[in-house]
Amino acid sequence: RQEQYRSLRDLPSLTRDGVAVGLQLNAGLLVDLSHLHETGAEGIGLFRTELQFMVAERMPSAAEQQTLYEAVFSAAGGLPVTIRTLDIGGDKILPYMKALEEENPALGWRAIRIGLDRPGLLRMQLRALLKAAGGRPLKIMFPMVATVEEFVRARAIVDREKAHLSRHGHPLPSDCRLGVMVEVPSLLFQMDEIAAEADFLSVGSNDLMQFLFAVDRDNRQVADRFDPLSAAALRAFRLIAERANAAGTPATVCGEIGGRPLEAMALIGLGFRSLSMSPASVGPVKAMVLSLDAGAVGAFLDAELARTRDGASLRPALAAFAEAN
Ligand code: PEP
Ligand code: MG
């Protein structure tokens, strides 16, 4: 099987009806970049910067951060890398940072909330990123954004850092795009506004499903109570893809479901043209893409979603569709 997938590596990622579906990698450490070449992925769709912070014994200095980012950009060899700013808090604890006592850490002081409340940390990271990407294109995205205003504030911090670096004679990135993780359900009701403000969107389906269904992503007791292929979830994904496409704002799915062939097939049917996944998923997802009729699966999903009366999972129907097509 692995051999077979390797033979797909250099084929363009196109469906049978000619739809291009970009496949990218999720990464968190420098070693993950080695998979870029062997998978033939088009870039890094999600670089989880908190990994560096979680494996360290103390807060990484600005210089250490910059060194890592430079190494990541070099290892990517010109392929695009989407860097996510620190997503700490919730289940991601830094041993050297005093954690708050919170009743509901997943809903607590985390990610962009910490970044905006204590901008020192975010500013240091952004400066390291902007310096590391001097002269090259840079894509940055912010985790756990719940309101358009949070993104606008984060962008203002980036703009200040850019102005600061310019004043001090540092070369800026050749192109700097700022994106938003769509993983808090409140954004579903601000899609037009966020798609207009952000340069790109990336759906964090792990958290989006957790919050949409109120199901702890790490609690096995409740994990089977919902299906990302149920009507409610599929309609949420469809809404995001439709509004993003209407605004001309690129949208990727970077949660785990993008790496599962059946789920990935559904996401393409709903309108996503870019998926980011773990390295081992690229082969199986690419094999699915090459054999897929994107228009047919889209029409099939629209019909099923219009027809369902109980909102149950479309998994069996999608599996039968995949089998027959
Ligand atoms: C997600 O929530 O889907 C995501 C990609 O981010 P993480 O898994 O790091 O929370
Ligand atoms: Mg997340």
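This is a predicted model: local features need pLDDT of at least 70, side-chain atom pairs count only at pLDDT 80 or more; totals for chains, interfaces and linings use all residues.
1. The largest nonpolar core holds 82 residues, and the members that touch the most others are Leu129, Val145, Val180, Ile240, Leu267, Ile268 and Leu275. Helix 11, residues 231-247, gives the most to this core, with seven residues. As a general point, nonpolar side chains in soluble globular proteins tend to be buried together.

2. Val180 deserves a separate entry, being among the core residues that touch the most other members. Leaving aside residues up to four places away in sequence, Val180 touches Met141, Phe142, Val145, Phe151, Ile194, Ala198 and Leu201. Val145, one of these contacts, is likewise listed among the core residues with the most contacts to other members.

3. The next point is the packing of helix 12 on helix 14. Two packed helices are described by the angle between their axes and the distance between the axes. The axes of helix 12 (residues 261-270) and helix 14 (residues 294-307) come within 8 Å and cross at roughly 85 degrees. The two helices are therefore roughly perpendicular to each other, since an angle of 65 to 115 degrees counts as such. Helix 12 contributes Met265, Ala266, Ile268, Gly269 and Leu270 to the contact, and helix 14 contributes Ala294, Val297, Gly298, Phe300 and Leu301. By class, the contact comprises eight nonpolar residues, two polar and no charged.

4. Helix 12 also packs on helix 15 (residues 315-324), where the axes come within 10 Å and cross at roughly 90 degrees. Helix 12 and helix 15 are therefore roughly perpendicular to each other. On the side of helix 12 the contact is made by Leu262, Met265 and Ala266, and on the side of helix 15 by Leu318, Ala319 and Ala322. The residues of this contact divide into six nonpolar, no polar and no charged. Met265 and Ala266 take part in the contact with helix 14 and in the contact with helix 15.

5. Ligand 1 has a shell made up of Leu46, Arg48, Asp87, Glu183, Gly204, Ser205, Asn206, Asp207, Cys254 and Gly255. Two nonpolar, four polar and four charged residues form this shell. Strand 2 (44-48) and helix 9 (205-212) each supply at least two of the shell residues. Which element gives the most to the shell around ligand 1? Helix 9 does, with three residues.

6. Two residues call for a check of backbone geometry. Most residues other than glycine have a negative phi. Ala214, which follows helix 9, has a positive phi of about 55 degrees although it is not a glycine. Ala214 lies in the loop between helix 9 and helix 10 (220-223). Met144, also not a glycine, has a positive phi of about 60 degrees, and its place is in the loop between strand 4 (137-142) and helix 7 (148-167).

7. Are Met144 and Ala214 buried or exposed? Met144 has 22 other C-beta atoms within 10 Å and is therefore buried, because the class requires 20 or more. Ala214 has 10 other C-beta atoms within 10 Å and is therefore exposed, the limit for that class being 12 or fewer.

8. Arg16 is found in the loop between helix 1 (2-6) and strand 1 (22-27). With 14 C-beta neighbours inside 10 Å, Arg16 counts as partly exposed. The C-alpha atoms of Arg16 and Leu290 are separated by 6.0 Å, although the two residues are 274 residues apart along the chain. Arg16 touches Ser291, Leu292 and Asp293, not counting residues up to four places away in sequence.

9. Trp109 is placed in the loop between strand 3 (81-84) and helix 5 (112-117). Trp109 is partly exposed, with 15 other C-beta atoms within 10 Å. Gly89 is 20 residues apart from Trp109 along the chain, and their C-alpha atoms are separated by 6.4 Å. Not counting residues up to four places away in sequence, Trp109 touches Gly89, Leu100, Glu102 and Ile114.

Technical notes:
Residues are numbered from 1 along each chain as its sequence is written. Chains are lettered from A and ligands numbered from 1 in the order in which they are written. A residue is near a molecule or strand if its C-beta atom, placed from the backbone, lies within 6 Å of it. Helices (H or I, at least four residues) and strands (E, at least two) are DSSP runs, numbered from the N terminus. Ala, Val, Leu, Ile, Met, Phe, Trp, Tyr, Cys and Pro count as nonpolar, Asp, Glu, Lys and Arg as charged, and the others, Gly among them, as polar. Axes are lines fitted to C-alpha atoms, for helices over the stretch in contact, and angles run from 0 to 180 degrees between N-to-C directions. Angles under 35 degrees count as roughly parallel, over 145 as roughly antiparallel, 65 to 115 as roughly perpendicular and the rest as oblique. Two residues are in contact if their C-beta atoms, placed from the backbone, lie within 7 Å. A nonpolar core is a set of buried Ala, Val, Leu, Ile, Met, Phe, Trp, Tyr and Cys residues joined through C-beta atoms within 7 Å.
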